Amino acid sequence: MKRIIAIVRPEKFDDVKNELVKAGCEGMTVCEVKGRGSQRGVRESYRGSSYCIDLIPKTRVEIVAKDDELELYIEAIKKGAYTGNIGDGKIFIQPVENVIRIRTGEDGEKAV
């Protein structure tokens, strides 16, 4: 099993979610985050004063996937998040040792 962490543009989240649902993804955790990467912030101007917003709002999506679902979910995220511009986001993949469903006590892939 693997944990997928995707950091995407907030305005692309609905597209990402819809692509994941089409790919068969049933569960995900989503939160609003701020960060920066190669985008390095945005210069704004307000009433003649220039300032830099160096932490950009993003949406973080976390999914635990069975190994055979991994590539399907990654492609769904890439398709939904893509704009072709700097700031489209990143996808991180990490191994998951175990998953336990609290309600039933099931563990492993049965609990995903």
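# Close-up views of a predicted protein model

**View 1. The whole chain, from end to end.** Starting at the N terminus, the elements of the protein follow the order β-α-β-β-β-β-α-β. That gives two helices and six strands, where helices (H or I, at least four residues) and strands (E, at least two) are DSSP runs numbered from the N terminus. The model is predicted, with local features needing pLDDT of at least 70 and side-chain atom pairs counting only at pLDDT 80 or more, while totals for chains, interfaces and linings use all residues. Residues are numbered from 1 along each chain as its sequence is written, and side-chain values use heavy atoms, with hydrogens and water left out. Along the principal axes, the C-alpha atoms of the protein fill a box of roughly 60 × 25 × 20 Å. The radius of gyration of the protein is 17 Å, whereas a compact globule of 112 residues would have one near 13 Å; this radius is taken over C-alpha atoms, and the globule rule is 2.2 Å times the number of residues to the power 0.38.

View 2. Is Ile4 buried or exposed? Ile4 is buried, with 0% relative accessible area; here buried means under 20% relative accessible area, exposed means over 50%, and partly exposed lies in between (1.4 Å probe, protein chains only). Across the protein, 29% of the 112 residues count as buried. Leaving out residues up to four places away in sequence, Ile4 touches a set of residues that includes Val61, Ile63, Leu70, Tyr73, Ile77 and Phe92. A contact of this kind has heavy atoms within 4.5 Å. Among contacts in the protein between residues at least 6 apart in sequence, 70% join residues at least 24 apart.

**View 3. Val16 in helix H1.** Val16 sits in helix H1 (residues 13-22), and it is buried at 1% relative accessible area. Which residues does Val16 contact, once neighbours within four places in sequence are left aside? They are Val8, Ile77, Gly80 and Ala81. Ile91 is 75 residues from Val16 in sequence, and their C-alpha atoms are 12 Å apart in space.

**View 4. Salt bridges.** Side chains of opposite charge can pair when their charged atoms come close. How many salt bridges are there? The count comes to 10, with a salt bridge taken as a side-chain nitrogen of Lys or Arg within 4 Å of a carboxyl oxygen of Asp or Glu. One of them joins the side chains of Asp67 and Lys2 (3.7 Å, N to O). Asp67 belongs to the loop between S5 and helix H2 (70-81) and Lys2 to strand S1 (residues 2-8), so this pair ties together parts that are 65 residues apart in sequence. Asp67 is partly exposed at 44% relative accessibility, and Lys2 is partly exposed at 26%.

View 5. Glu62 and Arg60 form a salt bridge through their side chains (2.8 Å, N to O). Arg3 joins Arg60 and Glu62 in a network of salt bridges. Glu62 is partly exposed at 22% relative accessibility, as is Arg60 at 25%. In helix H2, Lys78 and Glu75 are three residues apart, so about one helical turn separates them. Their side chains meet in a salt bridge (3.1 Å, N to O). Lys78 has a relative accessible area of 43% and is partly exposed; Glu75 is partly exposed too, at 41%.

**View 6. The largest pocket.** About 310 Å³ of space lies in the largest pocket. On a 1 Å grid over the protein atoms alone, a pocket is an open set of points where a 1.4 Å probe fits, with protein on both sides within 12 Å along at least five of seven lines, and lining residues have an atom within 4 Å of a point. Grid points are joined across faces, edges and corners, and the volume is the space filled by probe spheres set on the points. The lining has 16 residues, with Glu26, Gly27, Ile63, Val64 and Val112 nearest the centre of the pocket. Strand S5 (residues 56-65) gives the largest share of this lining, three residues.
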